[in-house]
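This briefing concerns the model displayed below.

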Amino acid sequence: MKRALDTLEEADDVILGAGFSGLSAALRLAQFGRKVVVLEKHTLPGGLNSYYYRPGKYVYDSGLHVLTNRCPVSRRWGMPFVYRQLGLSAEQLPLHAPTAPSLVRLGDCSLETPVEGEALLEKIAADYPAQSDGWRALWALLRQDQLEPALAATPAREVLERYLGDAQLIDLLRLPVFLYGGYSAGDISFLIFRNIFRSLFIEGVGHPGSIKPWLDSLVSALKAAGGEVFYRAPVVAIEHQDGAVQAVRLESGQRIRAGNVVSSIGWAETRRLLESAPDDAPTAQTACISAVETTFCLSREEAAQACPHPMVFFHADERFDWDPAAHPFQSYSISCAAHFDFPEEPEYCFFKIAAYLGGEGWLGLDEDTYSEKKEAARARLEAELREKLPGLLHIPDDAVNETMTPRTVHRYTSHVDGAIYGGADKSFSGETRHRNLFLVGNDQGGIGVVGALISGIVVANLKILTGGR
Amino acid sequence: MTKDDVKQIVLDIIAEIAPDEDLSDVKPDVRLRDQLDLDSMDFLDIVMELRKQHGIEVPEDDYPQLASLDSCANYLQPKFEALNA
């Protein structure tokens with residue numbers, strides 16, 4: 001069957017990847033009348049945050065634990081910015097509030113994080129009276145829209161230590177942020193720390209019910225604006241000359257000339273396309289952060305019994321050091337959709353348990369070896385959590401479940417070694433060495449679904465719609 | 001359409017984009033950025049709303065023409081006239 005893609009010769013903007021950042025950049029550009037084409041390797045949109053079907057009409061969310069940025073602080077940030085810039089409404093991209101606090105747990109030390117941001121500010125001020133002044137000053141800084149460039153680039157721990165003198169409190173604050181977006185071992189920039197902390201705790205987590213309506217809204221708005229999305233359309237090369245990209249080449253050999261290329265597939269992965277290197281060519285990238293995760297499909301009542309919090313951020317050691325490749329099965333992210341205020345009673349709720357690890361060694365295995373490795377990881381994940389969080393979690397023995405590994409992440413995202421937050425090497429400006437090739441998504445610093453949406457908008461605005469002026 | 005009509009259209013758009021801004025005393029000859037809390041993304045939104053609400057296209061090279069209310073009126077009035085002709 002011939003499709004419209006087969007006759008496509010050129011576009012103003014070619015977007016690589018139909019994840020949230022790619023769709024967002026595409027929608028913004030199409031709304032300005034540009035000819036925009038999104039090329040997606042997979043059969044569905046979403047990238048890491050996609051969905052799939054299983055018997056019994058279950059729609060599983062592949063990556064989603066929770067969404068963030070529920071309560072806006074400013075029109076320039078988070079959902080108000082996304083809604084306005086993409087011309088979408090809260091009905092099209094809904095977020096439902098949690099009904100219970102989340103839990104940060106470091107060894108035996110716990111911090112319950114209330115649903116409302118201001119309540120967390122006051123709770124920590126009361127629990128750590130000696131840190132109260134520094135904590136309030138830090139909170140004000142985390143709440144700001146603009147950060148000084150020098151401060152934005154400073155390692156997060158260094159900034160936290162300027163405000164706080166309590167090592168345990170610093171670790172309790174770092175733990176959820178790194179679990180939710182610690183893209184490299186050791187430390188991350190204060191800019192990304194601020195973005196994630198503000199999204200998770202100041203604006204607060206929320207749940208869409210399912211990620212599919214969010215993707216449907218984006219794709220239909222993109223089509224209405226004249227943009228096109230093609231699935232099963234893997235790009236194998238980006239042609240370039242004299243510091244500018246000229247065209248992309250598809251697996252079929254088809255060539256599409258491009259005024260700009262916006263890549264959401266990752267920095268290292270984009271470089272491979274510039275060099276026409278194969279998918280499994282080695283990259284200079286350091287060990288990637290990935291995860292194994294089991295999703296249980298439960299009734300709301302069963303899910304509420306399995307876990308009393310919407311989110312649990314858990315690190316097994318007393319001190320928080322972030323290096324999942326060196327220390328796998330030490331950090332865990334747990335989510336339970338039973339604890340959100342959905343307008344309609346959901347038919348089923350997902351309870352997800354995930355352990356962080358390095359992604360190396362999961363690709364290129366034969367099926368038997370992979371199955372054994374996956375089963376061993378699944379069993380260890382459950383056993384460790386049963387042992388380490390008895391009384392808190394009640395992991396079901398015989399419920400319908402699905403396990404995801406770094407290989408699954410790689411299949412959805414094509415990220416090197418199934419990296420869930422992209423590579424350690426980022427281009428925060430979105431610029432590359434080629435003047436009309438830009439990065440969006442994880443490797444531009446867009447972490448999480450809302451971060452990815454913002455990344456796509458900002459790069460489209462600043463690099464293409466205003467030509468960098 | 002008069003220049004004052006055009007200015008009002010631009011002010012109405014700004015009121016939607018930046019609901020917290022006080023627009024009662026915007027000086028027509030002073031750059032909008034110098035008297036209101038607007039950044040380059042907000043100007044893109046003005047361009048977008050002109051396109052969506054009024055069918056007016058502002059090419060990228062002409063974005064500087066939107067600097068003040070007076071320059072907006074001078075630049076946009078012929079475009080509105082052409083549309084209504």
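Domain bounds come from an automatic or database domain assignment. On that basis, the centres of domain 1 of chain A and domain 2 of chain A, taken over C-alpha atoms, are separated by 26 Å. This is a predicted model, in which local features need pLDDT of at least 70 and side-chain atom pairs count only at pLDDT 80 or more, while totals for chains, interfaces and linings use all residues. Residues are numbered from 1 along each chain as its sequence is written, and chains are lettered from A and ligands numbered from 1 in the order in which they are written.

**Domains of chain A**
- The assignment gives domain 1 as 4-71 + 78-83 + 210-284 + 422-465 and domain 2 as 102-205 + 288-416.
- Domain 1 and domain 2 of chain A each give 31 residues to their contact (two residues are in contact if their C-beta atoms, placed from the backbone, lie within 7 Å).
- On the side of domain 1 of chain A that touches domain 2 of chain A, two or more residues come from each of strand S4 (58-61), helix H10 (267-274) and helix H14 (448-465) of chain A; helices (H or I, at least four residues) and strands (E, at least two) are DSSP runs, numbered from the N terminus.
- That side of domain 1 of chain A divides into eleven nonpolar, 15 polar and five charged residues, where Ala, Val, Leu, Ile, Met, Phe, Trp, Tyr, Cys and Pro count as nonpolar, Asp, Glu, Lys and Arg as charged, and the others, Gly among them, as polar.

**Sheet of chain A**
- Seven strands form an open sheet with mixed pairing, in the order S6-S5-S12-S13-S14-S11-S15 (chain A); two strands pair if DSSP finds at least two bridges between them.
- The edge strands, S6 (109-113) and S15 (400-404) of chain A, each pair on one side only.
- S5 (residues 102-106) of chain A runs parallel to S12(A) over four bridges and antiparallel to S6(A) over five bridges.
- Leu103(A) has bridge partners in both neighbours: Val312(A) in S12(A) and Glu112(A) in S6(A).
- S12(A) is joined to S13 (residues 331-336) of chain A by five antiparallel bridges, with Phe314(A) opposite Tyr332(A).

**Burial of strand S12(A)**
- Five of the five residues of S12 (residues 311-315) of chain A are buried (20 or more other C-beta atoms within 10 Å of the residue's own, C-beta atoms being placed from the backbone).
- Met311(A), Phe313(A) and His315(A) point one way from S12(A), whereas Val312(A) and Phe314(A) point the other way.

**Contact between chains**
- Eight residues of chain B are in contact with eight residues of chain A.
- The side of chain B that touches chain A has five nonpolar, one polar and two charged residues.

Note on methods: Buried ≥ 20, exposed ≤ 12 C-beta atoms within 10 Å, placed from the backbone.
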